[in-house]
Amino acid sequence: MTAYPHLFQPITIGDLTLRNRTVMGSMHTGLEDFFWDIPKLAAYFRERAAGGVGLIITGGYSPNKRGWLKPFASEMSTRLQSERHKQVTGAVHEEGGAIAMQILHAGRYGYTPFSVSASARKSPITPFKPSALSTKGADRTASDFARTAGLAKRAGYDGVEIMGSEGYLINQFLAERTNDRTDKWGGTSANRMRFPVEVVRRTREEVGEGFPIIYRLSLLDLVEGGQTWDEVVTLAHLLEEAGATVLNTGIGWHEARVPTIITQVPRGAWVWATQRLKGEVSIPVCASNRINTPELAEQILADGTADLISMARPLLADPEFVNKARDERADEINTCIACNQACLDQVFKNEHASCLVNPRACRETEIVLLALPRVGTALDRPRNVAVVGAGPAGLSAAVSYAERKFDVTLFEKGSSLGGQFRLAMEVPGKEDFKDTLRYYTRRLEVLGVDVRLNVAATSSDLADFDEVVVATGVEPRMPAIPGIDHPKAVSYADVLNGTVVPGRKVAVVGAGGIGVDVSVWLTHDPAETVDEWLAHWGVGDPSLHPGGLMEQKARTPIREVWLLQRKTSPIGIGLAKTSGWAHRAVLKQSGVHQVGGASYDRIDDAGLHLTVDGVTSVLDVDQVVICAGQESVRGLYDELLAAGRKVHLIGGADIAAELDAKRAIEQGTRLAATA
Ligand code: NAP
Ligand code: SF4
């Protein structure tokens, strides 16, 4: 018996029987682009297949050069390329898994000067204007998809996924927004649908009956000039007739200004769209986006909303997600927190993807946590290590050392685990961070780490350890503003941990990541429902609003907030690429007053006195919340070093500037891997 009976029910798609209903959705990691990374890609997928997932879908491979995502990006158009992929498919099959290859033509999202699209319309997120494919060119491109599918089959893939959503080429043919053609590929909505239907029809012809063709269908374009719901349903029927085996859910074009997968998107926020599609077609339907727990996956299947569940980032975060769920160890799952920081943000910076909570992701051959032999070491006993500080850096070090079979003792001066992470999880839309603490807490328990809370370790407590890792973290910086000792001046930590309950009017000093988060916390209505969230972002019924986009419903902020910085650059400009724009939009939606170029004169009973452009004024606020960065806490480290101890310094205690959990967790893991 399993707690997830629907999730672990096999399903047959075409000639392929999957061992369960989980699909590792397609995600570009950067390892797809060059053949010399194929061994790393094979190792990455091997771990996921060994972890029990039903079906893996690779990152996207272009059917030709004009479809590249960027210069020399992933492509599958030759027999040689197909031959090389046997390493990937072989690795997955050896672990009892199945793998499909995604075929993705970037269209106008191609970051190359020779990109093509349905029409010559530049996208708002790329610098290059595409050329319009000729009538014959569109025809050849549809055939290229089919040829690539044939090559994927030769490479040993168990199926293909055709990327028809997220605003890539196929979507560009489908929507009036990007298709103003007058030939057989444009004009009427039937003509706009011709391209995807031809792609699927020719692919079916090429691969034969029974070979699974998954089609990722854009259910909600979330852009002006997107498809109507009637068009989406008509296309679904045509695709089914043309030979598609499964319809996967796609939500939102990349240029859409509605967040679809980041942490602030409520879990399961898009399942209703999949449910509507399921009622229309007879082939299996796969749900996707912001599904990151086995409970939610099970619920969606049990409700009859979908037949399969796609999870891409959750499988990056924990390759053993599926086996842990199967073995009643769901509380040990390292949950994806939808931060994008180490996966999509890195890919956008032309780096390989990894994962904030699992730095081994895509580096399986590079970061190896080899267990030490328990006897026969130089000391003929397990080496013992003390980790001081249980923030993200200390937690990852403690767990990683313990995985290597060191004897680990974790000291924490506070009464709970988590450090700065505990504050982050209080921010609206970052509730998922709680799962990271649940994961570490359970993992420490399973690995038998000796956790000592409420102990501020001194050098004498640490005398008997072979190694000491100092991860004592940071403390908020309180800048030398006159009146900083006034009761109105409080640190962000005091606000987020509930020590201070702010009044109705608040100034926030410092507009880095934490200043923005605190401003959102201060203005956010905690009672907001999923439907309200959708309405605030202007997501409406696609039967009434083409593309599922309507006018945004205004937010009602629960406080009046001024967010201030000394710099004159736009506020929030340094935030991460894939989520920063959404945070900036929420500030706007919440009416946060944004003030740059400020100098802080003093804080007193009247509030915050400041000067902007030579003009002085006073903000009559109840609190001035200081979010001016952090300073390292490293007294213990200096003391141990002076005493000649073997000691390592990691996390915010090492470098406070630009500290983030991604660096902290990676540093802890890498340290343990090389110990
Ligand atoms: P931060 O990003 O360094 O921002 C602190 C801000 O305080 C600076 O932008 C600075 O702006 C101001 N400041 C610095 N020294 C000051 C002083 N002496 N007096 C007055 N103002 C001063 O630090 P943070 O916001 O605490 O964030 C810490 C880390 O957490 C960052 O690395 C960030 O990546 C991460 N984080 C990211 C996010 C996100 O991306 N959403 C959210 C939370 C945290 P001015 O000099 O212009 O005034
Ligand atoms: Fe999930 Fe963040 Fe890891 Fe990406 S980096 S897989 S969003 S936890």
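I began at V509, which stands opposite I626 in β25. I read helices (H or I, at least four residues) and strands (E, at least two) as DSSP runs, numbered from the N terminus. The model is predicted: local features need pLDDT of at least 70, side-chain atom pairs count only at 80 or more, and totals for chains, interfaces and linings use all residues. Residues are numbered from 1 along each chain as its sequence is written, chains are lettered from A and ligands numbered from 1 in the order in which they are written, and side-chain values use heavy atoms, with hydrogens and water left out.

**The open sheet.** I then looked up the strands there: β19 (505-509) and β25 (623-626) pair in the parallel sense over four bridges. Two strands pair if DSSP finds at least two bridges between them. Five strands make up this open sheet, ordered β18-β25-β19-β20-β21, with parallel pairing. β18 (489-491) and β21 (593-595) stand at the edges with a single partner strand each, so one side of each lacks a neighbour in the sheet. From one strand to the next, the twist averages 25°. Helix α17 (513-523) packs on the sheet, touching β19, β20 (560-564) and β25; contact means heavy atoms within 4.5 Å. The direction of α17 makes about 175° with that of β20. For such angles, axes are lines fitted to C-alpha atoms, for helices over the stretch in contact, and angles run from 0 to 180 degrees between N-to-C directions.

**The barrel.** Next I followed a closed barrel of eight parallel-paired strands, β3-β4-β5-β8-β9-β10-β11-β12. Its neighbouring strands are turned by 30° against each other on average, direction ignored. Two bridges join β3 (22-24) to β4 (55-61), and V23 stands opposite L55 in β4. Helix α4 (135-154) packs on this sheet, touching β5 (99-103) and β8 (159-164).
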